[in-house]
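Keep the 3D view open while you read.

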Amino acid sequence: MTIRDYLGIEGDNHLALHGVDLVGLCDEFGTPLFVFDEKSLVENFERFRRAFEDVYSKVMVCYSVKTNNNLAICRVLAESGAFAEVASELDLHVALKAGFRGDRMIYDGPFKPKDALRKALEEKVLLVNVESFSEMERLNSVAGEMGIEQAIGLRVNPFRSPSFFSSLHPNKLIEAGFCYPRCRFGFSLGEVHKAFEFLGEMKNLRLECLMMHPYTEALKVLLPFMKEASEEFGCEMKYLNVGGGFDPGVTGSTGDFPLMLDFIRRELGFGSSLDKRRIVSSIESVAKSIAEDVRRGLGDLPEPVLIAEPGRFIAGPSGMLLLRVDHVKVAGGYRWVLVDGGTNILPLIYGRRTILIVNRAAASEKELVNVVGPLLYPKDFVAIKMSVPRVKEDDIIAVLYCGAYSLSSSTQFLYPRPTAVLVSSEGKVRVIREKETFEDVLHKDKL
Ligand SMILES: Cc1ncc(COP(=O)(O)O)c(C=O)c1O
């Protein structure tokens with residue numbers, strides 16, 4: 001379910017969530033205002049878990065805390081029975097405070113300082129997913145100092161350098177220019193065998209898991225290594241971790257290349273190529289095909305516990321951001337809607353987001369606009385070249401499905417961070433993050 005399923009229109013033509021008038025919420029808390037829906041948050045988690053448990057016997061769903069690390073959001077998920085995936089010492093701290101026990105956490109990420117590892121081991125985290133030989137040595141020494149044998153996973157990275165000519169493909173060229181930034185995660189395919197051997201020398205580590213993120217290619221890559229670990233090293237994996245990357249299918253984005261093509265199409269008088277609907281497989285069919293692939297690929301190996309680390313799927317569809325329209329201007333042949341929050345509080349994804357008007361909920365006349373935030377970046381886009389209900393100054397818009405990577409990656413650049421509220425299915429409103437004041441922003445500065 002999504003937050004939209006619980007939206008309705010109340011008396012004054014106002015949008016309401018579980019009967020709570022959203023204009024009233026903006027009057028009380030101001031804008032920008034994050035609104036999270038507790039019911040769809042829990043439903044998304046339960047749907048994800050059920051999709052896997054229906055097709056596979058041993059499943060661990062680890063909510064990716066960085067997606068939305070608000071304490072109350074994390075608490076709701078801990079109480080719903082989620083495990084946690086943490087990716088920094090801060091994440092670990094948040095998860096503990098929210099109520100996740102260490103033995104219901106796995107620790108991911110390419111950067112794990114010694115102190116963070118020590119803290120994780122003190123809290124008895126279930127698994128540390130190791131990404132490099134040096135991290136393995138560091139963790140081995142920390143575990144040794146603490147007299148612990150720590151269970152670990154190896155993160156595998158399927159990256160292979162493309163040839164010069166294939167890197168010239170427009171989709172690959174930007175990545176090539178950036179030195180293929182994803183290649184730095186985990187062990188490359190050529191290093192995994194060496195990592196198995198190296199582990200023989202790491203007396204304080206116990207290999208229990210292979211991991212890859214995102215899930216899309218994980219099994220093709222990991223299953224042969226599971227066999228190799230068992231046949232050549234006598235090591236049978238207790239866990240198989242397919243990472244995150246599960247798309248809830250509610251928010252689209254576009255990129256430089258499609259925008260370029262769209263410009264050319266429009267200039268030549270053809271329709272837009274941006275509004276094609278994306279078809280995303282249901283989580284039930286994704287889970288089914290993962291379970292089938294695991295069973296098919298395992299052969300004689302015992303079935304491992306299947307770990308998934310969803311973030312967006314759970315938090316994304318249950319949040320929305322309410323923004324006030326400051327003004328509308330026409331420039332460069334487009335209508336620009338300037339609102340009071342942008343990429344300071346939303347991820348920059350060249351958004352193809354769903355936008356509704358809060359104070360005139362039944363408005364139907366649409367126009368093509370760019371919705372942009374208050375920052376000074378030219379690309380401070382909330383939505384680009386999108387057909388949205390016609391708005392005017394002081395209207396309030398709701399940007400749906402932005403519960404993921406928004407609050408947790410927001411910045412104080414030019415504006416303090418806004419209030420966030422959590423609305424229950426009974427229409428109870430709880431402030432889960434207070435609006436920052438200017439003095440909050442300055443709080444740690446010294447003259
Ligand atoms: C290692 C790892 N696991 C899980 C996730 C969550 O991914 P998503 O929100 O796409 O499900 C991420 C996101 O970057 C990640 O890096």
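Predicted model: local features only at pLDDT ≥ 70, side-chain atom pairs only at ≥ 80, totals over all residues.

V35 is a handy place to start looking around. Leaving out residues up to four places away in sequence, V35 touches L17, L22, L25, M320, L322, V421 and V423.

The protein chain splits into domain 1 (3-38 + 316-442) and domain 2 (39-250 + 281-313). Taken over C-alpha atoms, the centres of domain 1 and domain 2 are 33 Å apart. How many residues of each domain are in contact with the other? The count is 21 residues of domain 1 against 18 residues of domain 2.

On the side of domain 1 that touches domain 2, β4 (33-37), β22 (419-423) and β23 (429-433) each supply at least two residues. β23 gives the most to that side, with three residues. Sorted by class, that side of domain 1 has 11 nonpolar, five polar and five charged residues.

## A closer look at β22

Is β22 mostly covered or mostly open? It's mostly covered, with five of its five residues buried. In a regular strand, side chains alternate between the two faces of the sheet. Here T419, V421 and V423 point one way from β22, while A420 and L422 point the other way, and all are buried.

β4 and β22 run parallel and are joined by five bridges, with L33 standing opposite T419 in β22. β22 and β23 run antiparallel and are joined by four bridges; in that pairing, L422 stands opposite R430 in β23. The hairpin of β22 and β23 has five residues between the strands, and G427 takes a positive phi near 85° there.

## Around the ligand

Which residues come nearest to the ligand? Of the 14 residues around the ligand, S64, G244, E309, G311 and R312 come nearest. By class, the shell is made up of three nonpolar, seven polar and four charged residues.

Most residues other than glycine have a negative phi, and most peptide bonds are trans. That makes a few spots worth a click. The peptide bond from T31 to P32 is cis, with omega near -5°, and P32 sits in the loop between α1 (22-29) and β4. Another cis bond runs from H213 to P214, also with omega near -5°. P214 lies in the loop between β11 (205-211) and α9 (218-233).

Then there are the positive phi values. H18 has a positive phi of about 45° although it is not a glycine, and H18 is in the loop between β2 (14-17) and β3 (20-21). Is H18 buried or partly exposed? H18 has 18 C-beta neighbours inside 10 Å, so it counts as partly exposed. Y180 is not a glycine either, yet it has a positive phi of about 50°. Y180 counts as partly exposed because it has 15 C-beta neighbours inside 10 Å.

Key:
Residues numbered from 1 in each chain as written. Contact = placed C-beta atoms within 7 Å. Near = placed C-beta within 6 Å. Nonpolar A, V, L, I, M, F, W, Y, C, P; charged D, E, K, R; others polar. Domains from an automatic or database assignment. Buried ≥ 20, exposed ≤ 12 C-beta atoms within 10 Å, placed from the backbone. Pairing = 2+ DSSP bridges.
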